[in-house]
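Open the model in your viewer and keep the selection tool ready. We will go stop by stop.

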Amino acid sequence: MRQSLSLGVSCPTLSSALLAVLLAPGPAVAANDPEIAEMRSMLNQMKAEYERRIAHLESRLAEAERESARSVQESKRASQRADDAVNLVRAESRPMTAPSTDPVAPSPAAGSGGVLGALSSGSAFNPQIAVILDGNYYHDGIEGAGSALVGAAYQPSRLAPHTHGEEATGEHEAHSHGAGENGFNFREAELSFTATVDPYFDAALFVAIDGDGEWELEEGWFQTRGLPYGLRMKGGKLLSDFGYINKQHPHQWDFVDQNLPYLNLLGAHGLQDTGVQLTWLPPLPFYTLLGAELAQGDQERFGAVVDGDQRALLADNAGFLDGENEGPRLWTAFAKIAPDLPERHALQFGASYARNNQHQEVHSHTHAAPAHDAHAGDDHDHDHDEIVHNNALAGYADIWGIDLVYKYDGDGAEGHRDFKFQTEYLRSTKDLSIRSSPHPEALGASSDFTSDGLYAQAVYGFAPKWTAGLRYDIFGMTNEVSGGPTDQDFGSSDRWTLDLTWNLSEFSRLRAQYARNDILVEPGERERFDAFYLQFLVSMGSHGAHTF
Amino acid sequence: MIGRLCAALSGLLTLAAVATAAPAVALEIVATAPSLGALAREIAGPGAQVTVLAGPQQDLHRLQAKPSMMRRLRDADLVVAIGAELEMGWLPVAIASAANPRIQPGRPGYFEAAAQVDLLDQGRSADRAQGDVHPVGNPHVDLDPVRMAAVGQALAGRLAQLDPAGADSYHARAQTFAAQVDARTVAWQAQLAEAPGAVLYHRDAIYLLERFGVPLLGTIEPVPGVPPTGRQLSALKTALAGRRGVILYVPYQSPQAPQALARDLGWPVVQLPLEPPADADGKGYLDHIGRWVAALASAR
């Protein structure tokens, strides 16, 4: 057993093995290893420490019988650790990251400070893995079109056509988050892997698999653990800390679907991008978090870039639409403030801003053929009654938001009397000018496209394991084009949602949700419908923590 | 502007992990549970500043991370947790969000009570059909005063590591606390020598029962984290009929089942917080144990 210590293994393993052996009872000073002088000095240091400990233990042994019993237990534990460590050495294998329950720092002081790590069964598996299954039964009164429609409320800034194949203005976002058909839907299986990489970084990976088996990378990032002065840095693909609900995964939502402002201004995924984030927790008397992000800017709604199919529509136009600029194109800044409230209360205010330096969209308009005679030189097809013209607009997009969250930790069992109120306001402005048009005189005309939205929701634990939620969300209180030749406000879409959630355990949840929708589909055209969800959420594997 | 930002970011990256545990004048200690706050006050003495994150009536396993916790953890030199996954729903994220390298698990600024003593209920199968099980062991070590004395000794060692100048004082205080525990344990042993046993709601007081040899007659929840059905309750009632005992539950557990069972069995029923008052010191902690002992002794 002891000879195996002289095998050529890496230093940390060996020294922790030595430390463990030294902590063990009996003639543990067996590391007569002549090869490593450095080890020897450490050994002597440890030996001295060990002898001091023995003396200390002996004095306590004399004190009380109980104390003695405990130190025997301690010795057993140490001996067990020694055996483990020696076995580790013998196997000449070394874990990628040592389980955190091992004696960690090979410093002489570690012995007197007790075990440094956290006891956790999760750390036996590195990374920690969890899988969340999210499915539902959905029914609405308009043949299942409603779940996509709530994310396609009319706004003057036209939605980029979705790459999943549907034509025109994104009325069908065949997407994993939210859009379902009448009947049964498997929304997604979310796989998460989280681990501490080394003393410098934590990392996480979130992958969603939708009902058709399509994989999608939700997040994949590393984050610093060792920066001083309250700083942290995060990099990779991540959900932005813009706003409050933006960085929550769908299973964390209090309702089955996302609220109208986020769905319509930021899209089904919210602000999810590849970039870096820096946050600072300054030493103020109350919690204040300041942060900024820099990201590539690949967005569906907030900073879209016209794709090849749409570009083809502009072939005969005057003017020129630039290609995709090089990144990073998107940046954000945010602040969160939380006053220090009594133990059961928590309150947080947030303010956020984001800008995407490039946003493009294509607007089509039609001309009746007879009225079109003025454009005699045009080579349009005069057999049709209507002629479709496509203008391409480009500019930048801004969005800002404020949020407020209040949580009350009720005194009842299993979430009974817990209460949570959450509200956010978002306002997006896109300053766009016409860059490509069949009408050369229109080139350069610019307009502001402004849309805003608000949601407010409350959830109350009315019985152990049961919560009821109420949400009101509205999109387009301002929903206008301004600054151009045709100022116009188009009106809003809104919705009331009620839900009932049964948290059977920490790992499973059933939810019923009813919503009354009033969605502006086109200017002057509304769709009013009821939508009903029954949702299941189950979680397998390590149960991780959720941030505030 | 972007270039400057990038330069600043990379500069910060190179600073990563250089921060070392260099305690200021007074050690700032953040305890998750009031019992550990009490222990930290006792061992660290008046020179340290101790704050407690959870109130005595709160369920440490179901607590959620709050921004104010992160603020307190930001400047902490030492976080004292119960550990063994009890606070796993909030403490890891609170520590990570606190951006304080000193208190990361594995660093001297992170101390878990459960990692310093031997645990009960260890090595059970990791099968959640058995409820919210934690194979590393039952984390509720803080209700056993003898284990807490041992935790106090380990805590003194840790404090000495963080603040070598105060080492003698920390060890002496730990010894004094251990002596106080010994003295009161003798009296409690006498008080509980004839205790017929107790029914708990959850296996959260088993360390106390085990310490004084008081039989655990049953738990109201059939498996951890799952409330009982009517049938399970009546089975428990049938099994316990004709025996003597007491029913104990804590404020965040449903009172209905314990109250009904006590009525049916003719037993006393006591609601007691698992944790001492938030501002308790060593004596406050021992008085709290005294209340649990008195409740166990009230069995009939």
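Begin in chain B with helix α2 (residues 34-44) and helix α10 (residues 282-297): their axes come within 7 Å and cross at roughly 140 degrees. Axes are lines fitted to C-alpha atoms, for helices over the stretch in contact, and angles run from 0 to 180 degrees between N-to-C directions. Helices (H or I, at least four residues) and strands (E, at least two) are DSSP runs, numbered from the N terminus. α2(B) and α10(B) are therefore oblique to each other. That word covers what is left after roughly parallel (under 35 degrees), roughly antiparallel (over 145) and roughly perpendicular (65 to 115).

This is a predicted model: local features need pLDDT of at least 70, side-chain atom pairs count only at pLDDT 80 or more, and totals for chains, interfaces and linings use all residues. Residues are numbered from 1 along each chain as its sequence is written, with chains lettered from A and ligands numbered from 1 in the order in which they are written.

**Stop two: the sheet of chain B**

Select β2, β1, β3 and β4 of chain B. They form an open sheet of four strands in the order β2-β1-β3-β4, with parallel pairing. Strands pair if DSSP finds at least two bridges between them. At the edges are β2 (49-52) and β4 (110-112) of chain B, each pairing on one side only. Four bridges join β1 (residues 28-31) of chain B to β2(B). Find B:Ile29; opposite stands B:Val50 in β2(B). Now show α2(B) again: this helix packs on the sheet and touches β1, β2 and β3 (78-81) of chain B. Two residues are in contact if their C-beta atoms, placed from the backbone, lie within 7 Å.

**Stop three: a helix with buried residues**

Select α6 (residues 167-192) of chain B. Its buried residues include B:Tyr170, B:Phe177 and B:Trp188. Buried means that 20 or more other C-beta atoms lie within 10 Å of the residue's own, with C-beta atoms placed from the backbone; 12 or fewer is exposed, and in between is partly exposed. What do the buried residues of α6(B) pack against? They meet α2, α5 (145-162) and α10 of chain B.

**Stop four: chain A**

Switch to chain A, which has six helices and 18 strands. Select β12 (residues 419-437) and β13 (residues 446-463) of chain A: 15 bridges join them, and they run antiparallel. A:Ser433 stands opposite A:Ser446 in β13(A). β13(A) and β14(A) form a hairpin with two residues between them. End on A:Lys465 in the turn, with its positive phi of about 75 degrees.
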